[in-house]
Amino acid sequence: MNKKVDERVVSVESYLDDIVSENINDNQDVQRNFCSSNAFVDGIIMTVLTEMYLPPLILGEIARDGIVERYLVDGMQRTGALRKFRFEGYKIGNGAEKTIVEYQRKKKDENGIIVRDAEGLPEWETAEFDMKKKGYDDLPPELKKRFNNFQAKIAIHLNCQSMRDI
């Protein structure tokens, strides 16, 4: 018996790469165009940066003559929000409820040199970053890494025969 749904987890960076490079088609009949509010986009970005729960993205897969094509079935608004932030210069708005993101970073002295303990290991500190009016390019390296590495859940409906099945 063939498996009907393949569940996996991929990084946001990898997922967005598949969308941008058109390995996953996000332009088909089962999706409405991106139409979400800025408040929605802010919420999705803050969800990722604070490592909260993001509902799974649903794909459908059609195989024709040995070629497999993947289509975004559910998740266009979430995908669009992530894409706007990562690639289109979107910045979190003034109306966002919670805009402070906590993260850890290596402690540095006044000259920007990493502070080390007696064993030569880096010392760490907790930091806060206010996302208000900030976009991806404004993020400190630790938060860029957190965004890119965020694990998105994906469910792929396999063996669909047509767009009607999807």
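In the predicted model, asparagine 148 touches Ser11, Val12, Glu13, Arg86 and Tyr136, residues up to four places away in sequence being left out of the count. Asparagine 148 belongs to helix H4. With a relative accessible area of 11%, asparagine 148 falls under the 20% limit and is therefore classed as buried.

Helix H4 comprises residues 141–149, and its buried residues are Leu143, Arg146, Phe147 and Asn148. The cover over these buried positions is drawn from both helices and strands. Among the helices, H1 (12–20), H2 (38–49) and H3 (76–87) contribute to it. The strands that take part include S1 (5–11), S5 (100–106) and S6 (124–130).

Two of the covering helices, H2 and H3, also pack against each other. In general, a pair of packed helices is described by the angle between the axes and by the distance between them. For H2 and H3, the axes come within 9 Å and cross at roughly 80 degrees. H2 is therefore roughly perpendicular to H3, as crossing angles of 65 to 115 degrees are assigned to that class. On the H2 side, the contact is formed by Asn38, Phe40, Val41, Ile44, Ile45, Val48 and Leu49. These residues meet Gln77, Arg78, Ala81, Leu82, Lys84 and Phe85 of H3. Classified by residue type, the contact of H2 with H3 contains nine nonpolar, two polar and two charged residues.

At the level of the whole protein chain, four helices and seven strands are present. Read from the N terminus, these elements follow the order β-α-β-α-β-β-α-β-β-α-β. The radius of gyration of the protein chain is 19 Å, well over the 15 Å given by the globule rule for 166 residues, so the chain is more spread out than a compact globule. The C-alpha trace spans about 60 × 40 × 25 Å along its principal axes.

Of the 166 residues in the protein chain, 39% are buried. Among contacts with a separation of 6 or more, 74% are accounted for by residues 24 or more positions apart. The accessible surface of the protein chain comes to about 10300 Å², and carbon and sulfur atoms supply 45% of this area.

How values were computed:
Residues numbered from 1 in each chain as written. Predicted model: local features only at pLDDT ≥ 70, side-chain atom pairs only at ≥ 80, totals over all residues. Heavy atoms only, no water. Buried < 20%, exposed > 50% of the residue type's maximum accessible area, 1.4 Å probe, protein only. Contact = heavy atoms within 4.5 Å. Axes fitted to C-alpha atoms, helices over the stretch in contact; angles between N-to-C directions. Parallel < 35°, antiparallel > 145°, perpendicular 65-115°, else oblique. Nonpolar A, V, L, I, M, F, W, Y, C, P; charged D, E, K, R; others polar. Rg over C-alpha atoms; globule rule 2.2 N^0.38 Å. Areas by Shrake-Rupley, 256 points an atom, 1.4 Å probe, with all protein chains shown as cover.
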